[in-house]
Amino acid sequence: MSKFVDRPRFTCALGGALFTLRALPRTIPIIHASAGCGYNVFSAGSAGAGYLGGGYCGGTSWSSSNVVEREIVFGGQDRLSEQIRSTLDLMDGDLYVVITGCMVEMIGDDVQAVAEAFADEAAPVVAIPTPSFKGNSYEGYDMVLSGLFQRFTRPAAARRDTVNLLGLVPGQDAFYKGNLTEIKRLLTRLGLRVHTFFGEDETLRDLQGAAEAAHTLVLSDVYGVKSAQTLKALHGIPHTVLPLPVGAAQTSGFLRAAADALGVARPVAEAVIQSEETRYYDYLERLADIYNDVDLQRYVVVAGDANYAPAVSRFLADELGWLPALTVVTDFLDEAQTRAIERRFDAWESGLKPLVRFDTDTSSLERYIREAWPPSANERYYDSLSPTVLVGTVFERDLAARFGWPLLTVSFPVTNRVVLQQAYAGYNGGLTLTSDLLTLLVSGR
Amino acid sequence: MNYLSAKTPPVREERLGAGIAFGGTCREVQCARAGGCLNLAARTFSQTQGCQFTLSQAIINTLRNAVIIMHGPIGCGASSIGAVGTSQTFKRLRDPNAEGLIWLNSNLDEADVIGGGEGKLKEAIRFAERMFRPETILIPVSCVPALIGDDVDAVVAEMQEETAAALVPVHCSGFKTKVMATAYDDVYHGILRALVKKPERRADRRVVPDELEEVRRRYRDSRTVNVLNVSSMSRPDETELTRLLNALDLQVRFLPCYSDAEDFQYALESALNVSICGTHDDYFLHHLQTLYDIPFLIDTIPIGRKNTARWLRKIAAHFDLSQEADRLIASEEQALDEALAPFRPALRGKTAFLGGGEVRILATAEILQDLGMKIVGFKGHHYDEFAEPVFESLDDVDDVLFNVATQQPFEQINLVKRLRPDLYVGHSGGGNISAKQGLPLLPLFGPSYNYMGFSGVFEVARRIRRILANAQFNKQLARHCPLPYRDSWYAQDPFSYIKAEG
């Protein structure tokens, strides 16, 4: 059974669905819900993702049936039908997707049936139930993506060189687009064609052609797995789950695993890795002086989602040479997912392992810090958790201020930064993360 | 007015006959309201617009020493994510030690939809009390618990016995009303029932009363006014209104925004409650009069020199200070005229369209007219009686377009394309649309800027000149970022999707 959450670091299924659709080119969502649902998750999701905005539609332009008491009593299907008709007349898109809020699901509106009546329209109209009492925004991503694979993707012959990339949730990952660009750049260097669906220069053809892929890579132990299973069930595409790679070591590992999964010859992969690592260390070498001259090693406390928390912690330990004391994973996870994430903290090259905790409540972090590091008992000599950097969400700001720790916000919500094309994944992501963290430390110089 | 025995206030469609869909002119919208034919309209196309739950956060998120429990599925109240920084910053302008914005979500899931969410709410209340020790725990109730029949009032009554914090349920389920401003009534309803009561002072328990102290207090109360602030105003706005009222030798207390629980008790020790905006606080002020016999003033909003002067004169008349007010206003106007002179040449003849809350757009239009600008259109979130006094401050607007629409940018975009204003003055959330039309935009409100009083006129003038001086950002965006509407839409009647019905 689930519990209440102290400042949730996610929104609801409808929110995840809307920001997933927002990331698809020329896609028009039609919200079948109360009048405030869309605006609420827009306000949350845009600010929380470093001011992502509402995209092509614009958040306040999202078509919404705005059901009120009368529809809740008598049913909302007529209102939805009217809204789909008027949306098709007014808004210019290539794909129209009806998604639902809690109330219309509770009264049992048959949105599929309503959408099917629009089968002869020039652009496809599909309906995907996304009730928020069945999941948060991460699950909304899988609901909508699975639904689109089912209703929009066309059967096709598999191409050996084509791969689908899943697991980075638009909006919940404020850096999703930069991350996809970087991963796609690397896979392209392996000679692959890549569908990320939400990346630069992609169109709805990528989504329509998802069945051409020979394989799906899921860069997450949690998100996107259900969508990959849908692709497998419908089109027989196998998938491999890999962790989100941050920095040189993890990314080189990722490229080897991807090459193996897709039948790319190892020497091809090694040549790419060699050239990427050379470039990477050409930049990192710049820091050899300042890092050592003024001692930029830090303890670190990490709070973040199931993608970022393990990946960033490991990067900080194994590449930046920092000392992760505590990592809190802030998602709701089932037992299998929890075990999978726990394994990501095993066998680090540095030999380090932070205290790992799974907790959705913002106020819990402070308690775990005391658990990870004995608090001062007014000893004359006290080995304190210092100097420390906090890598988390904007919800950690008060805590960081109280402890006097610099804070870098990486995981949702990220309201104190403007995020554009930046990435934390891949080789480029490792450079950006290093630059962002060390900038915090030299900003007074 | 006394609705406090009911669980929830009546919705504004019923209480005020407020309308949310209309297209015509300023004269026509006033006639339509007078004729009672405004509030039975809807749309065959609509866009997401906010609800009374999200709007209730506008007040709730400002209260100090409070924890909020969003009672609903996991997304309800998520919009507070956008307010974590600003809420703390603005609270700290009132109290440097104020905490940040803390909320829980009761996270109703599929099992709760069947079995009820009362147990989870109780758990959340216990956690909030134990972890944060707040003075107040506010519980906005969303659609789902209302539909499954959670008895939140009963849970609150039961839990209050083991909870030190005052528990304030706010019944603001989004699906209950199309007029999202009903949110204000919901919040005040909760505050009136749980927080408003006569303060108990130690001095009141003295065996021998201190008569001199009593006289002093009564005198002080007789010169104290409560000004009902709104979350869209700023600390600089409050400073300006305080300056003006202090000049009349009146003491000022602001509530409800950024108050703590106790402030609602001491607020009863005042001579007059003054509304900033009737749309926000009429429900509260009527009840304070009925229950505590405190007179109130609901008239215009002190934005623009005429509205500010009218607002001051109405207050002054209550205290028999009319001559003092006239002298103050005359000196303020003279200083303002001198200050505005350098700005007039750049602004004269420019055209503007204003969108947002009915009271605020009309009052802000007074500033623009003062600066020699021409109003080409209005879009009000809804329409009801509170707009009417503000109309009196405007010259020659009978034939100016008036659209009633809560957000609904598709109507705005069609209108703006026809009317081609030089400036759009708009409510937050619509920036995206105006940007893609290449229009410079002045936010209709902003909690760090001064809009109110005489200084507000100067600040708005200064900002409009600045904003008009360089609109390149939006111009470039407009060149590269398409709008999502079909070309055919711009040829259609902008009000084609409004239909008459219940």
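Predicted model: local features only at pLDDT ≥ 70, side-chain atom pairs only at ≥ 80, totals over all residues.

- Sorted by class, the lining of the second largest pocket holds 18 nonpolar, 15 polar and 14 charged residues.

**Cavities**

- A search of the whole structure turns up eight cavities of 30 Å³ or more.
- Helix H2 (37-48) and helix H5 (102-106) of chain A, plus helix H3 (52-60) and H7 of chain B, each supply at least two residues of the largest cavity's lining. H2(A) gives the largest share, three residues.
- The lining of the largest cavity is made up of 12 nonpolar and nine polar residues, with no charged ones.
- The second largest cavity has a volume of about 130 Å³. Chain A lines it with A:Arg7, A:Val394, A:Phe395, A:Arg397 and A:Asp398, and chain B with B:Val84, B:Gln88, B:Gly100, B:Leu101 and B:Ile102.
- Helix H17 (397-403) of chain A and helix H4 (84-94) of chain B are the elements giving two or more residues to the second largest cavity's lining.
- Here the lining divides into five nonpolar, two polar and three charged residues.

**Salt bridges**

- Side chains of opposite charge can pair when their charged atoms come close.
- Over all chains, the search finds 66 salt bridges.
- One of them pairs A:Asp92 with B:Arg486, with the closest N and O atoms 3.5 Å apart. A:Asp92 sits in the loop between helix H4 (77-90) and strand E4 (95-100) of chain A, and B:Arg486 in the loop between helix H22 (472-480) and helix H23 (487-491) of chain B, so this pair joins two chains.
- A:Asp92 is partly exposed at 23% relative accessibility, and B:Arg486 is partly exposed at 25%.
- Another pair is B:Arg43 and B:Glu411, whose closest N and O atoms are 2.8 Å apart. B:Arg43 is in strand E2 and B:Glu411 in helix H19 (residues 409-419) of chain B, so to speak distant parts of the chain, 368 residues apart. Both B:Arg43 and B:Glu411 are buried.
- B:Arg310 pairs with B:Glu392, the closest N and O atoms being 2.7 Å apart. B:Arg310 is in helix H14 (residues 305-318) and B:Glu392 in the loop between helix H18 (388-391) and strand E13 (401-404) of chain B, so the bridge ties together parts 82 residues apart in sequence.
- B:Arg310 is partly exposed at 21%, whereas B:Glu392 is exposed at 58%.
- A:Glu182, A:Arg185, A:Arg189, A:Glu276 and A:Arg279 form one network through salt bridges that share partners.

**Backbone details**

- The peptide bond between A:Ser386 and A:Pro387 is cis, with omega at about 0 degrees. A:Pro387 belongs to the loop between helix H16 (364-372) and strand E13 (388-392) of chain A.
- B:Leu255 and B:Pro256 are also joined by a cis peptide bond, with omega near 5 degrees.
- A:Arg26, a residue other than glycine, has a positive phi near 50 degrees and is partly exposed at 31% relative accessibility.
- B:Asp249 likewise has a positive phi, near 65 degrees, and is partly exposed at 48%.

**A surface patch and a buried cysteine**

- A:Tyr51, A:Val418 and A:Leu420 make up a nonpolar surface patch with about 340 Å² of accessible area together. A:Leu420 is exposed, at 62% relative accessible area.
- B:Cys172 is buried, with a relative accessible area of 0%. Its C-alpha atom is 5.6 Å from that of B:Gln52, which is 120 residues away along the chain.

Key:
Residues numbered from 1 in each chain as written. Chains lettered and ligands numbered in written order. Heavy atoms only, no water. Nonpolar A, V, L, I, M, F, W, Y, C, P; charged D, E, K, R; others polar. Patch = residues over 30% accessible without salt bridge, like charges linked within 9 Å, V, L, I, M, F, W, Y side chains within 5 Å. Areas by Shrake-Rupley, 256 points an atom, 1.4 Å probe, with all protein chains shown as cover. Salt bridge = Lys/Arg side-chain N within 4 Å of Asp/Glu carboxyl O. Buried < 20%, exposed > 50% of the residue type's maximum accessible area, 1.4 Å probe, protein only. Helix = DSSP H or I, 4+ residues; strand = E, 2+ residues; numbered from the N terminus. 1 Å grid on protein atoms, 1.4 Å probe; cavity = no way out; pocket = protein on both sides within 12 Å on 5 of 7 lines; lining within 4 Å. Points joined across faces, edges and corners; volume = space filled by probe spheres on them.
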